[in-house]
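Try each task before you read its solution.

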2 protein chains.
Amino acid sequence: MAGKRTYNVERFFQALGDNTRLRLLNLIGDQEVCVCYFVEILGGPQPKISRHLAYLRSAGIVQARREGKWMHYRIVMPPHIGATQVLRQTLEWLRKEKQMQADRVRLTKACCASAKYASLDGAPLPAPVAASCEVC
Amino acid sequence: MAGKRTYNVERFFQALGDNTRLRLLNLIGDQEVCVCYFVEILGGPQPKISRHLAYLRSAGIVQARREGKWMHYRIVMPPHIGATQVLRQTLEWLRKEKQMQADRVRLTKACCASAKYASLDGAPLPAPVAASCEVC
DNA sequence: TCCTTACATACGCTAAAGCGACTATATGTG
DNA sequence: CACATATAGTCGCTTTAGCGTATGTAAGGA
């Protein structure tokens, strides 16, 4: 243990400095969400989503887990208490933004009626949402 | 009042995504600090400091006030409660970072012995520091 | 084994950021 | 008015970011 490197604050905030990435983080929240939902909700080309997820991964803000064909993303709280606080606050802030709320509504609807979305047919539900979705 | 535009979250975080700007914000803290101190503490060419301050201004994170030859910068809390919380948390986080602490120590020393710094001779002291500086 | 699905990565481009060096502006001073 | 000081803005350049398009890859199904 020669000395743990200081957390990259700059990189952390850079990762938050893009609206697509903020929307992704907002959609994930405290769940574990499959990429196909991001593509469905945010629209646009899939590689765009993938690249932003890669950016968030490289900044250490999210982690991916493979489950068969699907990739699930979740937010990992930083090893730094300060960063954790800021990240939590940020997520709370996003919750109050109009566009972010709309996104979340669409995610809920999508995962409760995934059969209706051709692109989501058979897609794995977001983890905690599956248990607590009040609409289903 | 047609409807207030949503606060630019993206821009907010972009402004925090640079180490020089983070150091500036850390030096300002809850005070009002003269540019000459930034130049003295951070080193490097003065235009660099000025440009970063301009960026922070354009993002609405700081405000400048002229007093004779000198410009004083202070942090302005965003009109958005969420942003305010995040900004406060961020400043607290910075306080715990080693480099940031070192910067603050140097600021304190500089303003308590401004006569010793040729470039700071006669420079106005940071506002609240002048009253609460325990070293002077 | 071949094909599809779900996702990631590479490529070429444009736009924005950051930097150093220079110039401009505003205020105070002699 | 001439000049020094404090700070801001401009210019040319390099780097990074973001985008769309095309391609690569890993897993599952036929």
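**Exercise 1. Find the partner of Glu67(B) in strand 3 of chain B.**

Solution. Look along strand 3 of chain B: the residue bridged to Glu67(B) is Trp70(B). Next, take in the strands themselves: strand 2 of chain B and strand 3 (residues 70-75) run antiparallel, joined by 6 bridges. Strands here are DSSP E runs of at least two residues and helices H or I runs of at least four, numbered from the N terminus; two strands pair if DSSP finds at least two bridges between them.

This is a predicted model, where local features need pLDDT of at least 70, side-chain atom pairs count only at pLDDT 80 or more, and totals for chains, interfaces and linings use all residues. Residues are numbered from 1 along each chain as written, chains are lettered from A and ligands numbered from 1 in written order, and side-chain values use heavy atoms, without hydrogens and water.

**Exercise 2. Work out the strand order of the sheet in chain B.**

Solution. The open sheet has 3 strands in the order 1-3-2, paired antiparallel. Strand 1 (33-34) and strand 2 (62-67) of chain B are its edges, each pairing on one side only.

**Exercise 3. Describe how chain B meets chain A.**

Solution. Start with contacts (heavy atoms within 4.5 Å): 22 residues of chain B touch 22 residues of chain A. Finally, see which elements of chain B take part: helix 1 (9-16), helix 2 (19-28) and helix 5 (81-96) each supply at least two residues, and helix 5 gives the most, with 8 residues.
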